[in-house]
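Subject: Structure handover and findings

Hello,

Here is the structure I promised to pass on. Please open it alongside this note, and my findings follow below.

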Amino acid sequence: MRSNICKIKSGTKGLAAILNESEKVATYNGLTHKQNLQLRLLCEEIDGMLPNIVEKFEGSLWIEFEDGICKIKASIN
């Protein structure tokens, strides 16, 4: 399954939408509380790191869950 795509952009506060999607993915796939918190932390870290790696950017972030493997993907310009 693939989550909804969250738009991300430097200088904006898109973390709430990203965390909302991580909650949906965790619930839909029956993740444990610990797994849910780990997914949330990874999403927070990605959102916090991108502005420090790339000064100005626009893009998308989504979560994929297949065969027990969860991937957080970002595509930026």
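Residues under 20% relative accessible area are called buried, those over 50% exposed, and those in between partly exposed. Keep in mind that this is a predicted model.

Salt bridges

With those cut-offs, take Lys24 to begin with. Its relative accessible area is 42%, so Lys24 is partly exposed. Lys24 pairs with Glu21 in a salt bridge, with 3.3 Å between the closest N and O atoms. Is Glu21 buried or exposed? Glu21 counts as buried, at 8% relative accessibility. Both residues sit in helix 1 (residues 15-28). They are three residues apart there, so about one helical turn separates them.

The structure holds five salt bridges. Another of them joins Glu58 and Lys9, whose closest N and O atoms are 3.9 Å apart. Glu58 belongs to strand 2 (residues 58-66) and Lys9 to strand 1, so this pair ties together parts 49 residues apart in sequence. Glu58 is partly exposed, at 46% relative accessible area. Lys9 is partly exposed too, at 43%.

Glu23 and Arg40 also meet through their side chains in a salt bridge, at 3.9 Å from N to O. Glu23 is partly exposed, with a relative accessible area of 29%. Arg40 is partly exposed, at 29% relative accessibility. Which residues make up the network of salt bridges that share partners? Glu23, Arg40 and Glu44 are joined into one.

Nonpolar core

In soluble globular proteins, nonpolar side chains tend to be buried together. Here the largest nonpolar core has 14 residues. Those with the most contacts inside it are Ile8, Ile18, Val25, Leu31, Leu39, Cys43 and Ile63. At least two core residues come from each of strand 1, helix 1, helix 2 and strand 2. Helix 1 supplies the largest share, four residues.

Look at Val25 next. Setting aside residues up to four places away in sequence, Val25 touches Met1, Ser3, Leu39, Ile63 and Phe65.

The chain start

Where does Met1 lie? Met1 is in the segment before strand 1. At 33% relative accessibility, Met1 is partly exposed. Beyond its neighbours within four places in sequence, Met1 contacts Val25, Tyr28, Asn29, Ile63, Glu64, Phe65 and Glu66.

Largest pocket

The largest pocket holds about 160 Å³ of space. Strand 1 (6-9) and helix 2 (33-53) are the elements that give two or more residues to its lining. Helix 2 gives the most, with four residues. The lining consists of Ile8, Lys9, Ser10, Gly11, Thr12, Lys13, Gly14, Asp47, Gly48, Leu50, Pro51 and Phe57. By type, the lining has four nonpolar, five polar and three charged residues.

Ile8 lines the pocket and is listed among the residues with the most contacts inside the core. Lys9 lines the pocket and forms the salt bridge with Glu58.

Best wishes

Methods:
Residues are numbered from 1 along each chain as its sequence is written. This is a predicted model: local features need pLDDT of at least 70, side-chain atom pairs count only at pLDDT 80 or more; totals for chains, interfaces and linings use all residues. Side-chain values use heavy atoms; hydrogens and water are left out. On a 1 Å grid over the protein atoms alone, a cavity is a set of points where a 1.4 Å probe fits but cannot get out, and a pocket is an open set with protein on both sides within 12 Å along at least five of seven lines; lining residues have an atom within 4 Å of a point. Grid points are joined across faces, edges and corners, and a volume is the space filled by probe spheres set on the points. Ala, Val, Leu, Ile, Met, Phe, Trp, Tyr, Cys and Pro count as nonpolar, Asp, Glu, Lys and Arg as charged, and the others, Gly among them, as polar. A salt bridge is a side-chain nitrogen of Lys or Arg within 4 Å of a carboxyl oxygen of Asp or Glu. Buried means under 20% relative accessible area, exposed over 50%, partly exposed in between (1.4 Å probe, protein chains only). A nonpolar core is a set of buried Ala, Val, Leu, Ile, Met, Phe, Trp, Tyr and Cys residues joined through side-chain atoms within 4.5 Å. Contact means heavy atoms within 4.5 Å.
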